[in-house]
Amino acid sequence: MNISSKQSEDDFYKARNKALFNEIQHFLSPEEVNLISLNDIKQLIKPQNETYIGMKVIPIEKIVGSEGRYKDFDNHFFPKSSFLKSRWEHVDQAAIDSVILPPIKVYEIAGLYFVRDGNHRVSVAKSRGTEFIDAEVVSLQSEIKLKQTDSMQDIIRQIINYEKRVFYAETSFGDITDYWCLDFTAAGRYDVIYNHILTHKYYMNQGKTEEVSMEEAINSWFNNVYMPLAGSISRKKILKKFPKRTIGDLYVWTVRYWDQLKQKFGDNVEIDDAVENFTKKYRIPLHRRIKNQIKRIILRKAIDNSINENEINL
């Protein structure tokens, strides 16, 4: 083994160990270390048009995800598996020997980049502290602009904040209800609420000669639908059993579950019963979540050890 080959092997295991350490640090919330999937972002943002931009020099720090290899690397583009060793070392050795590699191919969406081709090159570049890389860029057009991040959870928060601003601005919800804390931890929920209000407005209009205004519908929905259910959630202290969730989250989930119960048992199912039954059915105990994550990390480490032993025996 020549010097550059030995250096590449050392570089790979340093990067691989960083990925493992990153996972261990976040074993209670493994989703925080996942590389972001372009498809997941597209489902959240729903870009309208695709534009070919061409060759550009782009900042490495703004490459935050991948189109197809998001399971192979962590959120810092460190390799998660020894299966990547051979190709990763080949790219790293090219960098050591100053060999110029072809530009990577990326999609740009909302100001961030996602790799189409060249995931190993990005991984090596990030591991070596490279700041810029040549890329062929295709832009997916969207209204929202995202700040640089390596966390899907942070992107979701940015999208939710954007959706909240749009919802409050277009409906005047806060001015009408004086309620400014209708919050969610998942994107798309404000559209759900808007549809609930429209449905409520539809039933309010039944049998009336003049159409109910949107302001009246929002007030009625808020006082007669949302607040009674939110009150039940608060009285039963349900939020303690669903860490990091909001009353808005539980409202959406419970309404859906309540509808299921009424379809099964009739319209006499009470709100409090729906809240209580939902909690019993869907709460996951903390000890089970910890146990599942420990098992997953141990399994991945065992797989890597097995791969390393096979390489030694070859």
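Lys201 is buried, with a relative accessible area of 11%. In this predicted model, Lys201 forms a salt bridge with Glu211, the N to O distance being 2.4 Å. The protein chain has 314 residues, of which 43% count as buried.

**The chain as a whole**

- The protein chain contains 11 helices and six strands.
- Among contacts in the protein chain with a separation of 6 or more, 73% are between residues 24 or more positions apart.
- The protein chain exposes about 18100 Å², and 50% of that area comes from carbon and sulfur atoms.

**Salt bridges**

- The count of salt bridges comes to 10.
- Glu211, the partner of Lys201, is exposed because its relative accessible area of 61% is over the 50% cut-off.
- Lys201 lies in helix H7 (residues 189-205) and Glu211 in the loop between H7 and helix H8 (214-235), so this pair, 10 residues apart, links distant parts of the chain.
- Lys85 and Glu9 form a salt bridge in which the closest N and O atoms are 3.4 Å apart.
- Because Lys85 belongs to helix H3 and Glu9 to helix H1, this pair ties together parts that are 76 residues apart in sequence.
- Lys85 is buried, with a relative accessible area of 10%.
- Lys6 counts as partly exposed at 39% relative accessibility, and Asp10 counts as partly exposed at 29%.

- Asp74 sits in the loop between strand S3 (63-66) and helix H3 (85-96).
- The side chain of Asp74 makes a polar contact of 3.1 Å with the side chain of Asn22, and reaches the backbone nitrogen of Phe78 at 2.8 Å.
- Not counting residues up to four places away in sequence, Asp74 touches Ala19, Asn22, Val33, Leu35 and Lys80.

**Ser37 in strand S1**

- Ser37 is part of strand S1 (residues 36-37).
- A polar atom of the Ser37 side chain lies 3.3 Å from the backbone nitrogen of Asn39.
- Leaving aside neighbours within four places in sequence, Ser37 is in contact with Ser66 and Tyr70.

Note on methods:
Residues numbered from 1 in each chain as written. Predicted model: local features only at pLDDT ≥ 70, side-chain atom pairs only at ≥ 80, totals over all residues. Heavy atoms only, no water. Helix = DSSP H or I, 4+ residues; strand = E, 2+ residues; numbered from the N terminus. Polar contact = N/O pair within 3.5 Å; in protein donor to acceptor, adjacent residues only side chain to side chain. Contact = heavy atoms within 4.5 Å. Buried < 20%, exposed > 50% of the residue type's maximum accessible area, 1.4 Å probe, protein only. Areas by Shrake-Rupley, 256 points an atom, 1.4 Å probe, with all protein chains shown as cover. Salt bridge = Lys/Arg side-chain N within 4 Å of Asp/Glu carboxyl O.
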